[in-house]
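Subject: Structure handover, cavities and cores

Dear colleague,

Here is the structure to be handed over.

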Amino acid sequence: MVASPRRLRRITRVLVTGGAGFIGSNFVHRTVGTRPEVEVTVLDAMTYAANPANLAGLQDHGVTVVEGSVCDVDLVDRLIRELASSADRGEAAVVHFAAESHNDNALRDPLRFVHTNTEGTAVLAEACVRHGVHLHHVSTDEVFGDLPLRGSGLPGAEDRFTVDSPYRPSSVYSASKASADHLVRAFVRSHGLSATISNCSNNYGPRQHPEKFLPRQITGLIEGESPRVYGSGENVRDWIHVDDHNDAVWAVLDRGVSGGTYLIGADGERSNVDCVRALNVLFGRPADDFVRVTDRPGHDLRYAVDPSSVRELGWTPRYTDFPEGLAATVRWYRDHRGWWETSRKDAESAYRDREEVLG
C-alpha cells in the first residue's frame, strides 16, 4: 500500500547509478534540462550496455562522471558520504538505475545478474543508511511475472499489475530485481533507510542499446533488413517513453513516501507484432514484412501496470501517442548511426548464433 504523499523534498544533489546507460543517461539529460539547480554525479561501470557518448557535453553543465561498480563498497561509501556532506544545500538522493537487464544475457550468465542487481543494491542501501541519504530504487514490472492476453477468457486476462500484486519472476533478471526490491524494503524496516521503489513498464526512446527489441528492429530497418519477431509475436508489453518514465521518477523523488512503491506506466499495451507492423509502416514497407524466429525460453506473455499510484503524485505522461513517439525514436536512430553501428554488429552476431528462422 502507498501512504499519502509526504512533504515536498528539496533535492539539490543526486548520485545516478548506471547513468551512462539507456534510462539513466536520459534521466541525467532530463534533469540537466529541467532542473539545472540539481548537481548530478554519475556512477557507471561502463560495461558494454553503457556508452560514454550518452553523456557527451554534460560535463559543461556540471555533471561529474565516475567510472566504477555499485558493488565497490569503498567507492560507493565515498560517493554517498560526499552526497551527505551537501545536506546544508538541500536533500541528497541516490537514483539507482544500474542493472544488468537483458534477459537473453541472463540465460547465459545468470550469476552476473545476481551480483550486480542484488548485491549492488545492498551495497547502496547500506551506504545510504550509514550516511542518511535517500535511495530511490528503479525496478521493473517483470518482478510480477506475466498476465494472460486480454480477451483470452483466462483468469486475470483483464487485470493489470498493482502495488499489491504478488511477485512471480520468470527469469534470472526479474528474480534478481525482485530480490533487490525486497532488500530495499528490508533496509527500510530494519535499518531505517529512507527509500522509495518504482516498478516501470517497458521503455523506448533514444540511446537504447540495439540488442533491445525496438532499437533492434529500428536499426535493422535502417540497414534494409526485415524485422525479426520472437515466436508468434503476440507477447504484449506496456510501452512508455523514457522521458515520461524519468519525469515520474522525479515525481516520486519529490513527493513519494519512504517505504512506498510506485508503478509507472502510460497505458501503452501493444503486442510485439503490432510494434513491428507500426515500424514497417513508418519505413514505407508492407506491415507484415517480417521474419519469425525461435522464441526466447521463458518468454513472458503480457505485462500491464496500473499507474494510479504515481498519478496520485501529480504525474501524467506526455507521450500518449505511441506512433508519434515511435517516429521520433526512429528519427533519433537515423540521425545517430555512428552511435549504434558497432554495438548492433556485435549484438546481431550473438543473436544469429542462436536464432532459427521459422518457416
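A cavity here is a set of points, on a 1 Å grid over the protein atoms alone, where a 1.4 Å probe fits but cannot get out; its lining residues have an atom within 4 Å of a point. Grid points are joined across faces, edges and corners, and a volume is the space filled by probe spheres set on the points.

The model is predicted: local features need pLDDT of at least 70, side-chain atom pairs count only at pLDDT 80 or more, and totals for chains, interfaces and linings use all residues. Residues are numbered from 1 along each chain as its sequence is written, and side-chain values use heavy atoms, with hydrogens and water left out.

Cavities

Two cavities reach 30 Å³ or more. H5 has the largest share, three residues. By type, the lining divides into four nonpolar, two polar and one charged, where Ala, Val, Leu, Ile, Met, Phe, Trp, Tyr, Cys and Pro count as nonpolar, Asp, Glu, Lys and Arg as charged, and the others, Gly among them, as polar.

The largest cavity holds about 60 Å³ of space. Its lining includes Arg216, Gln217, Glu225, Arg228, Arg344, Glu348 and Arg352. The elements giving two or more residues to that lining are helix H6 (213-222) and helix H11 (337-354), and H6 gives the most, with four. Six of the lining residues are charged, three polar and two nonpolar.

Nonpolar cores

A nonpolar core is a set of buried Ala, Val, Leu, Ile, Met, Phe, Trp, Tyr and Cys residues joined through side-chain atoms within 4.5 Å; buried means under 20% relative accessible area (1.4 Å probe, protein chains only). The largest core has 33 residues, and Val14 and Val28 have the most contacts inside it. Among the elements that give it two or more residues are strand E1 (11-17), helix H1 (22-34) and helix H7 (242-255). H7 gives the most, with six residues.

Leaving aside neighbours within four places in sequence, Val28 is in contact with Val16, Gly19, Val40, Val42, Leu55, Leu58 and Val63, contact meaning heavy atoms within 4.5 Å. A second, separate core of 25 residues includes Leu15, Val70, Leu75 and Phe187.

Regards

Notes
1 Å grid on protein atoms, 1.4 Å probe; cavity = no way out; pocket = protein on both sides within 12 Å on 5 of 7 lines; lining within 4 Å. Buried < 20%, exposed > 50% of the residue type's maximum accessible area, 1.4 Å probe, protein only.
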